[in-house]
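Colleague: I'd like to learn how to read a model like this one. Could you walk me through a few features?

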Amino acid sequence: MVYQPRVVPRSRRRLKWRVIIPSFILVLLVGYILFNLLFPKDLLIDTPSFVVCDYSYTKTQSVLNELQYEEKIELKDYLFYGETLNIFNATYDINQADYFIGKTIKLRNICDSSEWVYMLGKNVDEQIPLENLPDGFYEIFVVDSLKEKRLVTSGELYDEFYTVRRNGLSKKIDLVADKDLLKEKDDSLPIMEDNYFFLNISTQSDEQDNPEIYDVYLDAAHNTISYNYVDKGRTVNNLVEADELYKVAVAVKGKLEAKGLHVLLSRENEDTVINQYGIEGRLNRAYKAQVKHYIELNLNFTTNEDTRGSRVIYSSYSSNRFATALFKSYISTPGLVPYGRQTSTNIAGVLSSSRTNNLDSYPVIREAGGRILSAGTISELAIEQNSEFNSNERKGIQSVSLELFFISNPLDVNVYQSDFDTIVNNIANGYLKYLGME
C-alpha cells in the first residue's frame with residue numbers, strides 16, 4: 001500500500017488596501033511635515049530677473065507684452081559726460097552733428113505714466129540729466145517729424161551708471177534693451193516685439209553703494225617726473241606750488257566728505273609723485289574710480305608781478321554751468337579778482353578751452369572726457385599712453401581746471417595766506433551748489 005501525502009492548500013490572505021493606502025499616504029505626509037520642520041527651505045517667489053516697478057513676473061510679462069509700436073527709431077550709440085546721458089542715431093563722431101541733436105525726447109515712466117521732456121542739445125552736458133530723474137522704468141521716445149518714435153536697438157544692450165551721491169543717496173541707472181528680457185523662463189517667444197530701449201532708475205543708499213566708486217576727483221597739480229627730476233612747480237614768495245595745491249585739495253576734500261560725498265585725491269600724500277598720462281597716471285586713476293567730476297587745482301605765474309587774478313577753464317564742447325557755479329563761489333572770496341574779460345557767453349574769469357585739431361587743447365579736460373571728447377587720439381603721446389583706457393571709454397568725466405591765483409603776485413598771495421579757510425569753503429560750496437546741495 002502506497003502512502004500518498006494529502007496536500008492541504010494554503011489559505012490566501014487578502015490585503016486590506018482600503019487600510020494600507022491611506023496609512024501609507026499618512027506616513028508620507030507626516031514624514032514630509034517633519035522633514036520641512038527640521039530642514040526649512042526659503043520660500044521661492046516667482047519674480048522676474050529684472051525688476052520692473054516691483055512687479056511680479058506675471059505683471060511684468062503682461063505690461064511688457066502690451067508695448068507695441070509702429071513708429072520706431074534706432075539708437076546706435078550712447079555716451080556719458082559727467083551725469084549726462086547722450087544718445088545718438090549714428091556712431092558718435094565729434095566732428096559730425098548727429099540726427100538727434102535739436103530734437104525733443106520724452107521719457108515715460110511705465111510705473112506711474114509720468115513724463116519728462118528734454119531738448120537734445122549739441123553740448124555734451126545738455127541731453128538727459130540723469131540726476132534729476134525719479135525712480136522708475138522709463139520708455140524713451142524721440143519726436144521726429146511731429147511723431148513720437150520709440151527708441152530701439154539692433155541688439156541686446158545692458159549697462160549701468162551711478163550718479164553723484166547727494167545726501168547719502170545716489171541713483172543707479174540701468175540701460176536695458178532686450179526683447180527677451182525674461183529669457184530664463186524659457187518662453188517660446190520673446191516678451192517684446194523689438195529691443196526697446198529703457199532706463200531703469202533706482203535710488204541707492206549708503207549701505208547699498210559701491211565704496212570703490214567715487215563722486216569727484218581733486219587733482220593738485222605738479223609733483224610729476226620731468227627730465228628725470230620731480231617737478232614741484234614754481235617756488236615764489238615762499239610758496240611751493242605743489243605743496244600749497246595739495247593743502248588746498250586736502251582741505252576741500254574734508255569739506256565735501258562732511259556732506260557725504262566720496263572724494264578721491266590724485267596725490268595720496270604731499271610727496272606722492274604721479275604723472276598725468278599713462279596707466280599709472282592721474283587720469284587713469286580717475287577713470288578707475290568712475291568719478292563724474294574732475295577738478296584740477298593749479299596756480300598761475302608770470303614775470304610781471306603786477307598781473308593777478310583767478311580763472312577756470314572748461315571744455316569747449318560743454319556748457320559753462322559747472323565752471324560758472326564753481327567760479328562764482330570761489331571769486332566771492334574778499335580780495336580775489338577774476339583774470340580775463342567778460343564775454344557774450346561767460347563772466348570774467350570763466351573760459352572755454354581753445355581747440356587744436358578741433359579738440360580741446362587743454363590736456364586734462366580733453367583726456368578725462370572719454371570717447372565723447374575724443375580722448376587718447378590727439379597725439380602720438382596720447383595714443384601711446386592713454387588710448388588703452390580712455391579712447392573707447394563711454395563714461396566721460398566732466399572736468400575743469402581752477403587756477404586759484406598768480407603765485408607771482410604779492411596781493412594774490414596775501415589773500416591766499418590770510419583767507420585760506422574762506423577760499424577752501426568757497427571751492428567746496430561752489431561744487432555743492434552745482435550739485436544742488438548748498
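This is a predicted model: local features need pLDDT of at least 70, side-chain atom pairs count only at pLDDT 80 or more; totals for chains, interfaces and linings use all residues.

Colleague: Where do I start with the core?

Modeller: In soluble globular proteins, nonpolar side chains tend to be buried together. Here the largest nonpolar core has 46 residues, and Leu404 and Tyr431 have the most contacts inside it. Helix H10 (residues 420–435) supplies the largest share of this core, 8 residues. Apart from it there is another core of 26 residues, including Leu75, Tyr78, Tyr118 and Leu120.

Colleague: Which residues does Leu404 touch, not counting those up to four places away in sequence?

Modeller: Among them are Leu245, Val248, Leu297, Tyr330 and Ile427. Leu245 and Val248 are in H3, where both are buried.

Colleague: How far apart should the ends of helix H3 be?

Modeller: Count 1.5 Å a residue: the 17 residues of H3 (residues 241–257) should span 24 Å. The end C-alpha atoms are 24 Å apart, so the model agrees with that.

Colleague: Now single residues. Is Asp219 buried or exposed?

Modeller: Buried means under 20% relative accessible area. Asp219 has 1%, so it is buried. It sits in strand S12 (residues 216–220). Leaving aside neighbours within four places in sequence, its contacts include Ser266, Arg282 and Glu296.

Colleague: And Thr303, buried or exposed?

Modeller: Thr303 counts as exposed because its relative accessibility is 75%. You'll find Thr303 in the loop between strand S18 (293–300) and strand S19 (311–314). Its C-alpha atom is 7.2 Å from that of Ser408, although the two residues are 105 residues apart along the chain.

Key
Residues are numbered from 1 along each chain as its sequence is written. Side-chain values use heavy atoms; hydrogens and water are left out. Helices (H or I, at least four residues) and strands (E, at least two) are DSSP runs, numbered from the N terminus. The expected span of a helix is 1.5 Å times one less than its number of residues. Buried means under 20% relative accessible area, exposed over 50%, partly exposed in between (1.4 Å probe, protein chains only). A nonpolar core is a set of buried Ala, Val, Leu, Ile, Met, Phe, Trp, Tyr and Cys residues joined through side-chain atoms within 4.5 Å. Contact means heavy atoms within 4.5 Å.
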